Amino acid sequence: MIEKVMADTRSQQAQAKFDPDAVLKDIPFASFLGVRLELAGDELTAHLPFVPHLIGNPMIPALHGGVIGAFMEITAMAQLKLHGNFDHIPKPIDVNVQYLRSGKPLDTYGRAIVKRIGRTISSVEVSAWQETRQSPIATLQAHFLMD
Amino acid sequence: MLLQRVITALILLPLVLAAIWFLAPPWLYLVFSGAGLIGAWEWTGMMGLPQQGPGAGRRWLYLGLTALALAGAWALHGCWPWLAAASVAWWLFALFLIPGFPGNLQRKRPGVAALGVLGLVLLVPTILSLAVLRDHPAPDGALRLLYSMALVWVADIGAYFAGASDDGVTMALPWREDLVGDPETHVIASGVVTALLDNCCGMAVWDKINAFKPVATLDLRIDYMRPALPGHELKVTAKCYKLTRSIGFVRAFAYETTVEDPVAAAQGAFIVTAAKPDAGDVKA
(Lines give C-alpha, C1' and ligand atoms only; values in the text may rest on other atoms or scores of the structure.)
Protein backbone atom coordinates (compact mmCIF):
# COMPACT_ATOMS: atom_id res chain seq x y z
CA MET A 1 0.00 0.00 0.00
CA ILE A 2 2.71 2.42 1.01
CA GLU A 3 4.67 1.44 -2.07
CA LYS A 4 1.69 2.23 -4.27
CA VAL A 5 1.24 5.65 -2.67
CA MET A 6 4.92 6.34 -3.15
CA ALA A 7 4.75 5.28 -6.78
CA ASP A 8 1.73 7.53 -7.32
CA THR A 9 3.55 10.44 -5.72
CA ARG A 10 6.55 9.79 -7.94
CA SER A 11 4.43 9.74 -11.05
CA GLN A 12 2.66 12.92 -9.96
CA GLN A 13 6.00 14.58 -9.42
CA ALA A 14 7.11 13.43 -12.83
CA GLN A 15 3.99 14.90 -14.38
CA ALA A 16 4.42 18.14 -12.50
CA LYS A 17 7.89 18.49 -14.03
CA PHE A 18 6.71 17.45 -17.47
CA ASP A 19 6.18 20.41 -19.75
CA PRO A 20 4.97 19.19 -23.17
CA ASP A 21 6.20 22.30 -24.97
CA ALA A 22 9.68 22.11 -23.46
CA VAL A 23 10.19 18.49 -24.56
CA LEU A 24 10.20 19.25 -28.26
CA LYS A 25 11.52 22.81 -28.09
CA ASP A 26 15.14 21.66 -28.19
CA ILE A 27 14.67 19.14 -31.02
CA PRO A 28 15.16 20.97 -34.31
CA PHE A 29 13.70 18.11 -36.35
CA ALA A 30 10.45 18.20 -34.34
CA SER A 31 10.11 21.91 -35.15
CA PHE A 32 10.96 21.16 -38.78
CA LEU A 33 7.96 18.80 -38.93
CA GLY A 34 5.88 21.13 -36.73
CA VAL A 35 4.98 18.51 -34.10
CA ARG A 36 3.04 19.73 -31.04
CA LEU A 37 2.25 17.91 -27.82
CA GLU A 38 -1.03 18.13 -25.96
CA LEU A 39 -1.32 16.81 -22.42
CA ALA A 40 -4.72 16.07 -20.92
CA GLY A 41 -4.25 14.52 -17.49
CA ASP A 42 -1.75 11.76 -18.08
CA GLU A 43 -2.81 11.28 -21.69
CA LEU A 44 -0.37 12.63 -24.20
CA THR A 45 -1.46 13.29 -27.77
CA ALA A 46 1.01 14.36 -30.42
CA HIS A 47 -0.37 16.61 -33.11
CA LEU A 48 1.10 17.07 -36.57
CA PRO A 49 -0.65 20.03 -38.24
CA PHE A 50 -0.80 19.65 -42.00
CA VAL A 51 1.65 21.77 -44.00
CA PRO A 52 2.25 21.33 -47.74
CA HIS A 53 5.94 20.46 -47.34
CA LEU A 54 4.94 17.18 -45.66
CA ILE A 55 3.42 15.87 -48.90
CA GLY A 56 5.27 12.89 -50.34
CA ASN A 57 3.11 12.00 -53.31
CA PRO A 58 1.69 15.09 -55.00
CA MET A 59 -0.49 13.03 -57.35
CA ILE A 60 -2.83 11.48 -54.76
CA PRO A 61 -1.91 13.73 -52.73
CA ALA A 62 -0.60 11.86 -49.68
CA LEU A 63 1.55 12.61 -46.67
CA HIS A 64 5.11 11.36 -46.94
CA GLY A 65 5.42 7.90 -45.38
CA GLY A 66 8.71 8.81 -43.80
CA VAL A 67 7.08 11.83 -42.18
CA ILE A 68 4.37 9.65 -40.65
CA GLY A 69 7.01 7.21 -39.38
CA ALA A 70 9.15 10.00 -37.95
CA PHE A 71 6.10 11.61 -36.33
CA MET A 72 5.19 8.35 -34.59
CA GLU A 73 8.79 7.95 -33.45
CA ILE A 74 8.67 11.41 -31.84
CA THR A 75 5.32 10.50 -30.24
CA ALA A 76 6.88 7.38 -28.70
CA MET A 77 9.90 9.30 -27.39
CA ALA A 78 7.69 12.00 -25.85
CA GLN A 79 5.53 9.38 -24.14
CA LEU A 80 8.64 7.71 -22.74
CA LYS A 81 9.84 11.03 -21.41
CA LEU A 82 6.47 11.53 -19.72
CA HIS A 83 6.81 8.14 -18.04
CA GLY A 84 10.44 8.22 -17.09
CA ASN A 85 11.15 11.92 -17.00
CA PHE A 86 14.86 11.57 -17.79
CA ASP A 87 16.96 14.43 -19.08
CA HIS A 88 18.10 12.86 -22.33
CA ILE A 89 16.27 11.61 -25.40
CA PRO A 90 15.68 7.82 -25.61
CA LYS A 91 17.50 6.20 -28.54
CA PRO A 92 15.55 3.88 -30.83
CA ILE A 93 16.96 0.38 -31.31
CA ASP A 94 14.43 -0.88 -33.79
CA VAL A 95 11.26 0.51 -35.27
CA ASN A 96 8.54 -1.35 -37.12
CA VAL A 97 5.97 0.64 -39.07
CA GLN A 98 2.80 -0.65 -40.70
CA TYR A 99 1.08 1.67 -43.12
CA LEU A 100 -2.66 1.01 -43.12
CA ARG A 101 -4.20 3.90 -45.01
CA SER A 102 -3.09 6.75 -47.19
CA GLY A 103 -2.18 9.85 -45.20
CA LYS A 104 -4.50 12.56 -46.47
CA PRO A 105 -3.46 16.23 -46.49
CA LEU A 106 -4.97 16.70 -43.01
CA ASP A 107 -3.79 17.10 -39.43
CA THR A 108 -2.47 13.87 -37.96
CA TYR A 109 -2.63 12.75 -34.33
CA GLY A 110 -0.60 10.15 -32.50
CA ARG A 111 -0.88 8.41 -29.18
CA ALA A 112 1.62 6.00 -27.65
CA ILE A 113 1.24 3.13 -25.20
CA VAL A 114 4.31 2.12 -23.24
CA LYS A 115 4.13 -1.67 -23.10
CA ARG A 116 7.11 -2.06 -20.86
CA ILE A 117 9.59 0.33 -19.36
CA GLY A 118 12.77 -1.29 -18.18
CA ARG A 119 16.15 -0.14 -16.96
CA THR A 120 17.86 -0.61 -20.29
CA ILE A 121 15.09 -1.21 -22.82
CA SER A 122 11.50 -0.05 -23.23
CA SER A 123 8.85 -1.15 -25.65
CA VAL A 124 6.32 1.28 -27.09
CA GLU A 125 3.38 1.07 -29.48
CA VAL A 126 2.04 4.08 -31.35
CA SER A 127 -0.94 4.59 -33.57
CA ALA A 128 -1.51 7.59 -35.79
CA TRP A 129 -4.91 8.70 -37.09
CA GLN A 130 -6.49 11.58 -38.93
CA GLU A 131 -10.30 11.70 -38.97
CA THR A 132 -11.21 9.03 -36.45
CA ARG A 133 -9.09 7.25 -33.93
CA GLN A 134 -10.78 3.96 -34.83
CA SER A 135 -9.23 3.99 -38.29
CA PRO A 136 -5.51 4.63 -37.83
CA ILE A 137 -3.40 5.48 -40.88
CA ALA A 138 -0.32 3.77 -39.44
CA THR A 139 0.95 1.92 -36.39
CA LEU A 140 4.43 1.59 -34.99
CA GLN A 141 6.18 -0.74 -32.57
CA ALA A 142 9.57 0.28 -31.26
CA HIS A 143 12.24 -0.58 -28.71
CA PHE A 144 14.24 2.18 -27.10
CA LEU A 145 17.53 2.19 -25.27
CA MET A 146 17.10 3.97 -21.97
CA ASP A 147 20.67 4.67 -20.85
CA MET B 1 25.60 5.40 -69.48
CA LEU B 2 27.78 2.64 -70.89
CA LEU B 3 26.76 3.52 -74.44
CA GLN B 4 27.68 7.14 -73.84
CA ARG B 5 31.08 6.08 -72.56
CA VAL B 6 31.70 3.85 -75.55
CA ILE B 7 30.78 6.61 -77.99
CA THR B 8 32.98 9.13 -76.17
CA ALA B 9 35.85 6.66 -76.24
CA LEU B 10 35.38 5.96 -79.97
CA ILE B 11 35.56 9.69 -80.76
CA LEU B 12 38.36 10.54 -78.35
CA LEU B 13 40.60 7.56 -79.04
CA PRO B 14 41.65 8.53 -82.62
CA LEU B 15 42.18 12.13 -81.51
CA VAL B 16 44.44 11.10 -78.64
CA LEU B 17 46.31 8.62 -80.85
CA ALA B 18 46.86 11.30 -83.51
CA ALA B 19 48.04 13.77 -80.87
CA ILE B 20 50.50 11.23 -79.44
CA TRP B 21 51.82 10.32 -82.84
CA PHE B 22 52.06 13.63 -84.63
CA LEU B 23 52.35 16.43 -82.07
CA ALA B 24 55.80 17.60 -80.94
CA PRO B 25 56.36 17.11 -77.18
CA PRO B 26 55.80 20.77 -76.17
CA TRP B 27 52.46 20.85 -77.99
CA LEU B 28 51.49 17.47 -76.66
CA TYR B 29 52.26 18.74 -73.16
CA LEU B 30 49.89 21.65 -73.85
CA VAL B 31 47.11 19.22 -74.83
CA PHE B 32 47.69 17.03 -71.78
CA SER B 33 47.80 20.14 -69.60
CA GLY B 34 44.30 20.94 -70.84
CA ALA B 35 43.17 17.52 -69.60
CA GLY B 36 45.05 18.19 -66.37
CA LEU B 37 43.16 21.45 -65.88
CA ILE B 38 39.84 19.64 -66.32
CA GLY B 39 41.08 17.20 -63.68
CA ALA B 40 41.99 20.12 -61.41
CA TRP B 41 38.49 21.54 -61.86
CA GLU B 42 36.98 18.25 -60.75
CA TRP B 43 39.45 18.16 -57.88
CA THR B 44 38.17 21.51 -56.57
CA GLY B 45 34.77 19.83 -56.17
CA MET B 46 36.37 17.00 -54.18
CA MET B 47 38.23 19.58 -52.07
CA GLY B 48 34.82 20.87 -51.04
CA LEU B 49 35.19 24.34 -52.55
CA PRO B 50 31.77 25.95 -53.14
CA GLN B 51 30.47 25.55 -56.69
CA GLN B 52 28.49 28.77 -56.61
CA GLY B 53 28.26 31.90 -54.55
CA PRO B 54 30.96 34.04 -52.99
CA GLY B 55 33.53 31.24 -52.56
CA ALA B 56 33.36 30.05 -56.17
CA GLY B 57 36.28 32.30 -57.12
CA ARG B 58 38.59 30.01 -55.16
CA ARG B 59 37.98 27.27 -57.74
CA TRP B 60 39.30 29.52 -60.48
CA LEU B 61 42.22 30.50 -58.26
CA TYR B 62 43.10 26.82 -57.85
CA LEU B 63 42.81 26.33 -61.60
CA GLY B 64 45.24 29.23 -62.14
CA LEU B 65 47.60 27.74 -59.59
CA THR B 66 47.52 24.38 -61.37
CA ALA B 67 48.20 26.04 -64.73
CA LEU B 68 51.14 27.89 -63.18
CA ALA B 69 52.48 24.66 -61.67
CA LEU B 70 52.15 22.86 -65.02
CA ALA B 71 53.97 25.65 -66.84
CA GLY B 72 56.62 25.81 -64.10
CA ALA B 73 57.20 22.07 -64.17
CA TRP B 74 57.79 22.17 -67.94
CA ALA B 75 60.15 25.14 -67.68
CA LEU B 76 62.33 23.62 -64.93
CA HIS B 77 63.99 20.82 -66.94
CA GLY B 78 66.57 20.22 -64.24
CA CYS B 79 63.91 19.42 -61.64
CA TRP B 80 62.16 16.60 -63.52
CA PRO B 81 63.89 13.75 -61.69
CA TRP B 82 63.09 15.42 -58.37
CA LEU B 83 59.46 15.86 -59.34
CA ALA B 84 59.29 12.22 -60.34
CA ALA B 85 60.89 11.23 -57.02
CA ALA B 86 58.35 13.33 -55.09
CA SER B 87 55.55 11.68 -57.04
CA VAL B 88 56.87 8.19 -56.32
CA ALA B 89 57.19 9.08 -52.63
CA TRP B 90 53.59 10.26 -52.57
CA TRP B 91 52.26 7.09 -54.23
CA LEU B 92 54.17 4.91 -51.78
CA PHE B 93 52.61 6.91 -48.95
CA ALA B 94 49.16 6.55 -50.59
CA LEU B 95 49.69 2.79 -50.72
CA PHE B 96 50.30 2.91 -46.98
CA LEU B 97 47.00 4.81 -46.50
CA ILE B 98 44.85 2.34 -48.41
CA PRO B 99 44.51 -0.39 -45.72
CA GLY B 100 43.14 2.20 -43.27
CA PHE B 101 40.51 3.56 -45.68
CA PRO B 102 37.83 4.77 -45.01
CA GLY B 103 38.34 4.74 -41.22
CA ASN B 104 41.28 7.13 -41.37
CA LEU B 105 39.23 9.56 -43.44
CA GLN B 106 36.41 9.35 -40.90
CA ARG B 107 38.68 10.23 -38.02
CA LYS B 108 40.27 13.22 -39.69
CA ARG B 109 39.46 14.72 -43.04
CA PRO B 110 42.38 16.70 -44.52
CA GLY B 111 41.92 20.47 -44.78
CA VAL B 112 41.33 22.33 -48.03
CA ALA B 113 44.98 23.48 -48.25
CA ALA B 114 46.27 19.92 -47.77
CA LEU B 115 43.85 18.61 -50.39
CA GLY B 116 44.97 21.39 -52.75
CA VAL B 117 48.64 20.39 -52.40
CA LEU B 118 47.62 16.75 -52.84
CA GLY B 119 45.84 17.62 -56.10
CA LEU B 120 48.97 19.29 -57.47
CA VAL B 121 51.16 16.33 -56.49
CA LEU B 122 48.70 14.00 -58.20
CA LEU B 123 48.20 15.97 -61.40
CA VAL B 124 51.41 17.81 -62.31
CA PRO B 125 53.95 14.95 -62.23
CA THR B 126 51.50 12.67 -64.03
CA ILE B 127 50.93 15.11 -66.88
CA LEU B 128 54.61 15.95 -67.04
CA SER B 129 55.67 12.30 -67.13
CA LEU B 130 53.38 11.70 -70.12
CA ALA B 131 55.18 14.42 -72.07
CA VAL B 132 58.61 13.23 -70.92
CA LEU B 133 57.83 9.68 -72.08
CA ARG B 134 57.05 11.07 -75.52
CA ASP B 135 60.32 13.08 -75.56
CA HIS B 136 62.22 10.45 -77.56
CA PRO B 137 62.66 10.19 -81.32
CA ALA B 138 59.58 8.66 -83.02
CA PRO B 139 58.38 5.94 -83.06
CA ASP B 140 60.14 5.01 -79.83
CA GLY B 141 58.70 7.79 -77.64
CA ALA B 142 55.17 7.44 -79.02
CA LEU B 143 55.23 3.69 -78.40
CA ARG B 144 56.42 4.13 -74.81
CA LEU B 145 53.63 6.56 -74.17
CA LEU B 146 51.04 4.34 -75.85
CA TYR B 147 52.16 1.37 -73.77
CA SER B 148 51.70 3.21 -70.49
CA MET B 149 48.33 4.64 -71.59
CA ALA B 150 47.10 1.23 -72.74
CA LEU B 151 47.93 -0.11 -69.26
CA VAL B 152 45.74 2.58 -67.68
CA TRP B 153 42.94 2.17 -70.22
CA VAL B 154 42.73 -1.60 -69.87
CA ALA B 155 42.81 -1.38 -66.07
CA ASP B 156 40.12 1.29 -66.21
CA ILE B 157 37.82 -0.77 -68.45
CA GLY B 158 38.26 -3.76 -66.16
CA ALA B 159 37.47 -1.62 -63.12
CA TYR B 160 34.33 -0.27 -64.77
CA PHE B 161 32.86 -3.70 -65.28
CA ALA B 162 34.03 -4.89 -61.86
CA GLY B 163 32.49 -1.80 -60.28
CA ALA B 164 29.19 -1.94 -62.17
CA SER B 165 27.65 -3.96 -59.38
CA ASP B 166 24.02 -4.47 -58.64
CA ASP B 167 23.88 -2.60 -55.35
CA GLY B 168 20.65 -0.76 -55.97
CA VAL B 169 19.68 2.86 -55.59
CA THR B 170 21.70 5.29 -53.48
CA MET B 171 20.52 8.61 -52.08
CA ALA B 172 22.40 11.12 -49.94
CA LEU B 173 21.36 13.78 -47.48
CA PRO B 174 23.87 16.36 -46.22
CA TRP B 175 23.83 17.08 -42.48
CA ARG B 176 21.59 20.03 -41.60
CA GLU B 177 21.12 21.96 -38.38
CA ASP B 178 17.31 21.92 -38.65
CA LEU B 179 17.20 18.10 -38.90
CA VAL B 180 19.06 17.55 -35.63
CA GLY B 181 17.32 15.28 -33.13
CA ASP B 182 19.59 15.67 -30.12
CA PRO B 183 20.77 19.24 -29.52
CA GLU B 184 23.52 18.07 -27.15
CA THR B 185 25.31 15.81 -29.61
CA HIS B 186 24.07 17.42 -32.88
CA VAL B 187 23.18 13.94 -34.10
CA ILE B 188 20.56 13.94 -36.83
CA ALA B 189 17.07 12.79 -35.71
CA SER B 190 16.32 9.09 -36.10
CA GLY B 191 13.11 10.15 -37.85
CA VAL B 192 15.21 11.66 -40.63
CA VAL B 193 16.96 8.32 -41.11
CA THR B 194 13.53 6.64 -41.15
CA ALA B 195 12.22 9.06 -43.75
CA LEU B 196 15.30 8.72 -45.96
CA LEU B 197 15.21 4.92 -45.73
CA ASP B 198 11.50 4.84 -46.59
CA ASN B 199 12.01 7.15 -49.53
CA CYS B 200 15.02 5.30 -50.91
CA CYS B 201 13.32 1.90 -50.53
CA GLY B 202 10.40 3.22 -52.58
CA MET B 203 12.86 4.45 -55.20
CA ALA B 204 14.48 1.02 -55.35
CA VAL B 205 11.11 -0.57 -56.12
CA TRP B 206 10.48 2.07 -58.74
CA ASP B 207 13.87 1.38 -60.25
CA LYS B 208 13.05 -2.34 -60.37
CA ILE B 209 9.59 -2.05 -61.99
CA ASN B 210 11.03 0.46 -64.43
CA ALA B 211 7.61 2.00 -65.05
CA PHE B 212 5.59 4.90 -63.73
CA LYS B 213 3.33 3.15 -61.23
CA PRO B 214 2.49 4.34 -57.72
CA VAL B 215 4.46 2.56 -55.02
CA ALA B 216 3.25 2.54 -51.40
CA THR B 217 4.92 1.36 -48.21
CA LEU B 218 3.17 -1.57 -46.54
CA ASP B 219 5.58 -2.02 -43.72
CA LEU B 220 9.06 -1.00 -42.85
CA ARG B 221 11.30 -2.32 -40.15
CA ILE B 222 14.35 -0.33 -39.14
CA ASP B 223 17.24 -1.32 -36.89
CA TYR B 224 19.43 1.46 -35.57
CA MET B 225 23.01 0.33 -35.00
CA ARG B 226 24.61 3.59 -33.97
CA PRO B 227 24.00 7.34 -34.12
CA ALA B 228 24.81 9.06 -37.41
CA LEU B 229 27.97 11.14 -37.33
CA PRO B 230 27.22 14.85 -36.89
CA GLY B 231 28.33 16.98 -39.81
CA HIS B 232 28.58 14.03 -42.20
CA GLU B 233 26.53 13.35 -45.30
CA LEU B 234 24.18 10.42 -44.75
CA LYS B 235 23.80 7.92 -47.58
CA VAL B 236 21.20 5.25 -48.10
CA THR B 237 21.53 2.34 -50.51
CA ALA B 238 18.39 0.30 -51.13
CA LYS B 239 17.94 -2.79 -53.25
CA CYS B 240 14.67 -4.32 -54.30
CA TYR B 241 15.78 -7.95 -54.20
CA LYS B 242 12.45 -9.46 -55.18
CA LEU B 243 9.51 -8.13 -57.10
CA THR B 244 6.30 -10.09 -57.43
CA ARG B 245 3.27 -8.97 -59.43
CA SER B 246 2.21 -6.51 -56.75
CA ILE B 247 4.79 -6.50 -53.96
CA GLY B 248 8.39 -5.33 -53.89
CA PHE B 249 10.69 -6.55 -51.10
CA VAL B 250 13.48 -4.18 -50.24
CA ARG B 251 16.58 -4.15 -48.08
CA ALA B 252 18.41 -0.93 -47.33
CA PHE B 253 21.33 0.43 -45.35
CA ALA B 254 22.07 3.93 -44.09
CA TYR B 255 25.76 4.85 -43.68
CA GLU B 256 28.24 7.69 -44.07
CA THR B 257 31.17 6.16 -45.93
CA THR B 258 30.59 2.46 -46.47
CA VAL B 259 27.80 -0.08 -46.14
CA GLU B 260 30.18 -2.14 -43.98
CA ASP B 261 29.71 0.40 -41.18
CA PRO B 262 25.95 1.07 -41.19
CA VAL B 263 24.00 3.58 -39.12
CA ALA B 264 20.76 1.70 -39.70
CA ALA B 265 19.34 -1.18 -41.70
CA ALA B 266 15.83 -1.45 -43.09
CA GLN B 267 13.64 -4.18 -44.45
CA GLY B 268 10.44 -3.20 -46.17
CA ALA B 269 7.55 -4.43 -48.26
CA PHE B 270 6.02 -2.12 -50.84
CA ILE B 271 2.86 -2.52 -52.83
CA VAL B 272 2.90 -1.63 -56.50
CA THR B 273 -0.54 -0.43 -57.46
CA ALA B 274 -2.05 -0.13 -60.91
CA ALA B 275 -1.73 3.15 -62.78
CA LYS B 276 -4.65 4.67 -60.87
CA PRO B 277 -4.20 4.27 -57.15
CA ASP B 278 -6.98 3.68 -54.67
CA ALA B 279 -6.32 6.61 -52.38
CA GLY B 280 -8.49 5.16 -49.65
CA ASP B 281 -6.48 2.05 -49.01
CA VAL B 282 -2.84 2.75 -49.49
CA LYS B 283 -0.28 5.22 -48.41
CA ALA B 284 2.19 6.58 -50.93
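## Terms and model

Buried means under 20% relative accessible area, exposed means over 50%, and partly exposed lies in between (1.4 Å probe, protein chains only). At 22% relative accessibility, B:Arg226 therefore counts as partly exposed.

This is a predicted model, in which local features need pLDDT of at least 70, side-chain atom pairs count only at pLDDT 80 or more, and totals for chains, interfaces and linings use all residues. Residues are numbered from 1 along each chain as its sequence is written, chains are lettered from A and ligands numbered from 1 in the order in which they are written, and side-chain values use heavy atoms, with hydrogens and water left out.

## The nonpolar cores

In soluble globular proteins, nonpolar side chains tend to be buried together. A nonpolar core here is a set of buried Ala, Val, Leu, Ile, Met, Phe, Trp, Tyr and Cys residues joined through side-chain atoms within 4.5 Å. The largest one has 70 residues. A:Phe29, A:Leu33, A:Met72 and B:Leu197 have the most contacts inside it. Helix H4 (residues 65-84) of chain A gives the largest share of this core, 11 residues. Helices (H or I, at least four residues) and strands (E, at least two) are DSSP runs, numbered from the N terminus. A second, separate core has 29 residues, including B:Leu28, B:Ala40, B:Leu63 and B:Ala73.

What does A:Phe29 touch, leaving aside its neighbours within four places in sequence? Contact means heavy atoms within 4.5 Å. In chain A, the partners of A:Phe29 are A:Ala70 and A:Ile74. In chain B, they are B:Asp178, B:Leu179, B:Val180, B:Ala189, B:Gly191 and B:Val192.

## Helix H8 of chain B

Helix H8 of chain B runs over residues 190-209. The expected span of a helix is 1.5 Å times one less than its number of residues.

B:Asn210 follows the helix, and its phi is positive, near 55°.

## Salt bridges

Side chains of opposite charge can pair when their charged atoms come close. A salt bridge is a side-chain nitrogen of Lys or Arg within 4 Å of a carboxyl oxygen of Asp or Glu. The whole structure holds 8 of them over all chains. One joins A:Glu43 to A:Arg111, with the closest N and O atoms 3.4 Å apart. A:Glu43 lies in strand E2 (residues 43-48) of chain A and A:Arg111 in strand E6 (residues 108-117) of chain A, so the pair ties together parts 68 residues apart in sequence. A:Glu43 is partly exposed at 40%, whereas A:Arg111 counts as buried at 19%.

In chain B, B:Arg176 pairs with B:Asp178, with closest N and O atoms 3.0 Å apart. B:Arg176 is partly exposed at 35%. B:Asp178 is partly exposed at 32%. Another salt bridge links B:Arg226 and B:Glu256 at 2.6 Å, N to O. B:Arg226 lies in the loop between strand E4 (215-224) and strand E5 (234-243) of chain B, and B:Glu256 in the loop between strand E6 (247-255) and strand E7 (262-272) of chain B, so the pair ties together parts 30 residues apart in sequence. B:Glu256 is buried, with a relative accessible area of 2%. Shared partners also join A:Asp94, B:Arg221 and B:Asp223 into one network of salt bridges.

## Where the chains meet

How many residues of chain A are in contact with chain B? The count is 30 residues of chain A, against 32 residues of chain B. Together the chains bury about 2,500 Å², 60% of it on carbon and sulfur atoms. Buried area is the accessible area (1.4 Å probe) that two parts lose on being put together, summed over both. A:Phe29, A:Ile60 and A:Tyr99 supply 21% of the area that chain A buries against chain B, more than any other three residues.

The interface has 1 salt bridge. A:Asp94 and B:Arg221 form a salt bridge, their closest N and O atoms being 3.8 Å apart. On the side of chain A that touches chain B, the elements giving two or more residues are helix H3 (28-33), strand E4 (62-63), H4 and strand E5 (91-99) of chain A. E5(A) gives the largest share of that side, 8 residues.
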